[in-house]
Structure formats: C-alpha cells, structure tokens
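Have the sequence and the model open as you read.

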Amino acid sequence: MTLKERALKQLEERRDKLLNGGINSIPSPFKRFSTEFLGIEQGKYYVVTSSTKVGKSQLTSFLFLYTPLLYAYNHPDKMRLKIFYYPLEETPEDIMHRFMSYLLFKLSNSVIRVSPTQLKSSDNYPISENVLDLLKSEEYTKILEFFEKTVEFSSSRNATGMYKEVRKYLEDNGTTHYKKQKIKNDYGQTIEVNAFDYYEPNDPDEYVIVIYDHVSLTIPEQGFTLKQSVDKVSEYFVLLRNRYKVSPVLIQQQSFELESLDAFKNNKLRPTAQGLSDSKYPSRDCNCLLGIFSPFKHELPEYKGYNITIFKDKIRFLEVILNRGGSAGGLVALFFDGAVCDWVELPRPDDKRALDKVYEYIRKLDHPIVSKTFFSMLKEIYNIKKLFKK
C-alpha cells in the first residue's frame, strides 16, 4: 500500500468510525474549553508545564489518567487503553491513593471528600472503616482492578529504558512493516537495509499513553548532560508518536526565572515555551503544550475577573500555549480541589450569579460544619443513587 493510499484510507476510516458511533479522541472533561483542548488523540505528544508546586502532576493525573481510564472503563465498545506511567518523584501507591480519593469523591456525588493524607490516617485520625469498606465494595473493586490492569508503573529513570519498555509492548501487540532502502555505510559503499515503513496495531482502537513525571528528574545516561537526557526523552517520544501513534505526556517544570521579581514587575508570570527548564526541545517536538498558572501563588488579589482573595489556592488557569494542528492561546479558569484532585471548569467571570454559588461553596469548604455522621452520609448517597435508577 502506497503512502497516498494509506493516508486516504485513514481519513475514510476516521469518518466511518464517527458515523458508526465510535470516537477519534477521548473527549475533554472541560466542555466549554474543548474548542481549545479537544481531548486526547492517538499520535499526539503533550507537554504539561508550570512553576513549582502549582499542580502539574495533579492536572496530568486528571486529564491523562483519570479521564481516559474512566472513559475506557465505561465505554469498552469504543476504545481500549494502556498507560505506561513513569513516576520519578512518587510511588505507585501514592498515585493509587490519590485515585482512590478522587474516586470516592466522584462516585459519592461529591459527598465523600477524603484526601490521601486522611485516607492514609497520616493526620493521626484513623480513617473511617466505612470508607475502607466502600473501597472494598464491588463497584469500587471493579474500577480499581481495571486501574491495576491498565496502568503499568515502571522504575526506569532514563530515556532508553523507557523507550525499550514501551516499544516491546507495541511490537508484541502489532506488526511493524519494513521496506528496502539503500544507504551508504561508513566506507562509502551503497548497501540495502530494511528500514521502518509503517506499524499496524492489533487493536486500532487502543490508546497507548506514556506519562513521564517529571523529566528534570530523569537520570542522565552515560556521558549525557541533563539537557541531553531531556532531549533524548523527547526524541524517543517523537518516534513513539510518529511510528506507533502513541500519546506521550511529558511533565516539565518552568525555570525559576519565572518566579523572579522581574517577572512579576513585567507581568510575565504565566508559563511559556521559552520558560521550560533544562531544555526547550520538548516545546519544539510536542503537538500541544499546556501551561498551568496560580495567581494565588503570586499574591494577586484579582485575576481575569476572578476574586483570588476568595478562591485562594483553589483556582488555576489552564492555557494552550502551543497547539500544532489547532488554535493556541486559549485560557480557562478551573476550580482545583487539591484534596481529591478534582478540576472543574469555572463559570465565566461575567456570570455573577453562578460565581456567587462557587464562592459560597468555597466558604463552606473553608469553614466546614459537619452535622451528619459518616454512616448517615453513606445512607444518603445510596438513596440518591436509587433515585437516579428510577
């Protein structure tokens, strides 16, 4: 099959897939912002960046772990999923505990708000046995088992180790086609070799996502500087994207200059492609560069029409800094509940009535009055679910 024939066939297949009820991307959880960030596509390379302690890992978990995981769980007829997770600064248990907190919050209709710290009884208050019983229930067990089956954690901390692991999975689950190509060897002689042509997955509807968190912690390979190691990770991500339609996700910190006094004076506080720490190459290589900004961190009382003195650390701004193949520069305000890693698109700043409801919710979170026992809350949750089933 020629290149032209393959390209036309792909267009026809993608059109037919939609007409037959399938998908060409995992939908974005942010409906209004979906014109800027439509969701996760096969064969797209994403970079998530921010300054320190703003929520890079949490947003990445929400967008590229929780959202595709639950979508795949609920729509097995539309897609399958495989996630390779390289947690260079966390343990797999940390990530699982964070997912449990998120799941408790979501499946309880936002009633059970238990942070990973509380879940682990790290605050010296034993977690309620009812919470543990709920996590052991059939509904939660099925999702958690799906998580464990779908997400593969690795202890590899360098570019080559990551590439070999992901490529082995792809080769085991698809067919690589080669073509004859003439090249010159080191002696100037023309020889014929087998060169990569194209790859056919066994399951075209499987999304393979690779999360690398975060790249500045990668261990340099022998003789490499940190920059060269970051460049190598990005180089391998390009290969995985172009050859195998993998969706790599790279978490990369902004340089400390972004937090300097000069940056504040010049109002240059939001993440930029030029501000990527250690190497700028990922911004050149990726399809989509996402930046996260926290006005509260810079002690701003107001930002883009939102009252930061009320929101405090519960607001973030998500920006599409670069988007090859789409529009860039879009900015959206998100409500960030760090306790349960939940991100919700906020009302527009001119929608005062909706924003007042958000402000009231925040005040309740900041000054909680617990008038129900945990058992009665669970009882209410089950009653609510029964109502939905009617």
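Two strands count as a pair here if DSSP finds at least two bridges between them, and the elements themselves are DSSP runs numbered from the N terminus: helices are H or I with at least four residues, strands are E with at least two. We're looking at a predicted model, where local features need pLDDT of at least 70 and side-chain atom pairs count only at pLDDT 80 or more, while totals for chains, interfaces and linings use all residues. Residues are numbered from 1 along each chain as its sequence is written, and side-chain values use heavy atoms, with hydrogens and water left out.

On that basis, the chain holds 13 helices and 15 strands. Nine of the strands make an open sheet with mixed pairing, in the order β5-β4-β8-β9-β3-β10-β13-β14-β15. At its edges are β5 (151–153) and β15 (342–345); each has a single partner strand, so one side of each has no neighbour in the sheet. On average, neighbouring strands are turned by 25° against each other, direction ignored; such angles lie between N-to-C directions and run from 0 to 180 degrees, with axes being lines fitted to C-alpha atoms, for helices over the stretch in contact.

Follow T49 across and you land on its bridge partner in β9, Q252.

Now for what packs on the sheet. Helix α6 (residues 138–150) touches β4 (80–87) and β5, and its direction makes about 55° with that of β5; touching means a contact, with heavy atoms within 4.5 Å. E139 sits in this helix. Its relative accessible area is 38%, so E139 is partly exposed, that is, between buried (under 20%) and exposed (over 50%), using a 1.4 Å probe and protein chains only. Between the C-alpha atoms of E139 and K180 there are 52 Å, although the two are 41 residues apart along the chain.

Finally, step back. Along its principal axes, the C-alpha trace spans about 80 × 55 × 40 Å. Of the 390 residues, 48% are buried. Contacts between residues at least 6 apart in sequence include 67% that join residues at least 24 apart.
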